[in-house]
Amino acid sequence: MLVPLMTWPTITLSIVLIVLSFVLTAFILLHRSQGGGMGDLFGGGMSTSTGGTSAAERMLNRLTVIIGLLWVACILGLLVLYRHIG
């Protein structure tokens, strides 16, 4: 079965998008709650928070932003590919 030349980038970007979606979800869930969100409804607001942010939190913030930008780039790439195919 031959695959047309334009489908392998579409399939590759789709797989990358799925993986990035799971990674982005995991990174967002790893963030510490800042209060006022849905977590407070279920007793999440009882935790004490320190004033500063640690180096690990700053790295997690940076990685979340980078993964988010890659996620958006994959979506835009798929948009371009789908418009080019159709």
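In which helix does Thr-10 lie? I looked this up and found Thr-10 in helix 1. I note at the outset that the model is a predicted one.

**Entry 1: Thr-10**

I then listed its contacts, leaving out residues up to four places away in sequence. Thr-10 touches Leu-78, Leu-81, Tyr-82 and Ile-85.

**Entry 2: The chain as a whole**

I turned to the overall composition. The chain contains two helices and zero strands. Of its 86 residues, 16% are buried. I looked up the accessible surface, which comes to about 6800 Å². Carbon and sulfur atoms account for 75% of that surface. I also examined contacts between residues with a separation of 6 or more, and 91% of these join residues 24 or more positions apart.

I recorded the span of each helix. Helix 1 has 24 residues and reaches 35 Å from its first C-alpha to its last, close to the 34 Å expected at 1.5 Å a residue. Helix 2 has 31 residues and reaches 45 Å between its first and last C-alpha, close to the expected 45 Å.

Which residues of helix 1 are buried? I found Pro-9, Thr-10, Leu-17, Leu-20, Leu-24 and Phe-27. Helix 2 is included in what covers them. In helix 2, I found Leu-60, Thr-64, Ile-67, Gly-68, Cys-74, Gly-77, Leu-78 and Leu-81 buried. These buried residues of helix 2 pack against helix 1.

**Entry 3: The nonpolar core**

I looked for the largest nonpolar core and found that eight residues make it up. They are Leu-17, Leu-20, Leu-24, Phe-27, Leu-60, Ile-67, Cys-74 and Leu-78. Helix 1 (7–30) and helix 2 (55–85) each supply at least two residues of this core. In soluble globular proteins, nonpolar side chains tend to be buried together.

Not counting residues up to four places away in sequence, Cys-74 touches Leu-13, Val-16, Leu-17 and Leu-20.

**Entry 4: Phe-27 and Thr-64**

I located Phe-27 in helix 1 and Thr-64 in helix 2. How far apart are the C-alpha atoms of Phe-27 and Thr-64? I found a separation of 6.0 Å, although the two residues are 37 residues apart along the chain.

Phe-27 has a relative accessibility of 19%, and because the limit for buried is under 20%, Phe-27 counts as buried. Thr-64 is also buried, with a relative accessible area of 13%.

Phe-27 touches Leu-60, Leu-63, Thr-64 and Ile-67. Thr-64 is in contact with Leu-24, Phe-27, Ile-28 and His-31.

I finally considered Leu-63, which is found in helix 2. Is Leu-63 buried or partly exposed? At 34% relative accessibility, Leu-63 counts as partly exposed, because that class lies between the 20% and 50% limits.

Which residues make a nonpolar surface patch with Leu-63? I found Met-59, Ile-66 and Leu-70 beside Leu-63 in this patch, which covers about 340 Å². I also noted that Leu-63 is among the residues that Phe-27 touches.

Methods: Residues are numbered from 1 along each chain as its sequence is written. This is a predicted model: local features need pLDDT of at least 70, side-chain atom pairs count only at pLDDT 80 or more; totals for chains, interfaces and linings use all residues. Side-chain values use heavy atoms; hydrogens and water are left out. Helices (H or I, at least four residues) and strands (E, at least two) are DSSP runs, numbered from the N terminus. Buried means under 20% relative accessible area, exposed over 50%, partly exposed in between (1.4 Å probe, protein chains only). Contact means heavy atoms within 4.5 Å. Accessible areas come from the Shrake-Rupley method with a 1.4 Å probe; for residues, only the protein chains shown count as cover. A nonpolar core is a set of buried Ala, Val, Leu, Ile, Met, Phe, Trp, Tyr and Cys residues joined through side-chain atoms within 4.5 Å. Patches are made of residues with over 30% relative accessible area and no salt bridge: like charges are joined within 9 Å, nonpolar side chains (Val, Leu, Ile, Met, Phe, Trp, Tyr) within 5 Å. A salt bridge is a side-chain nitrogen of Lys or Arg within 4 Å of a carboxyl oxygen of Asp or Glu. The expected span of a helix is 1.5 Å times one less than its number of residues.
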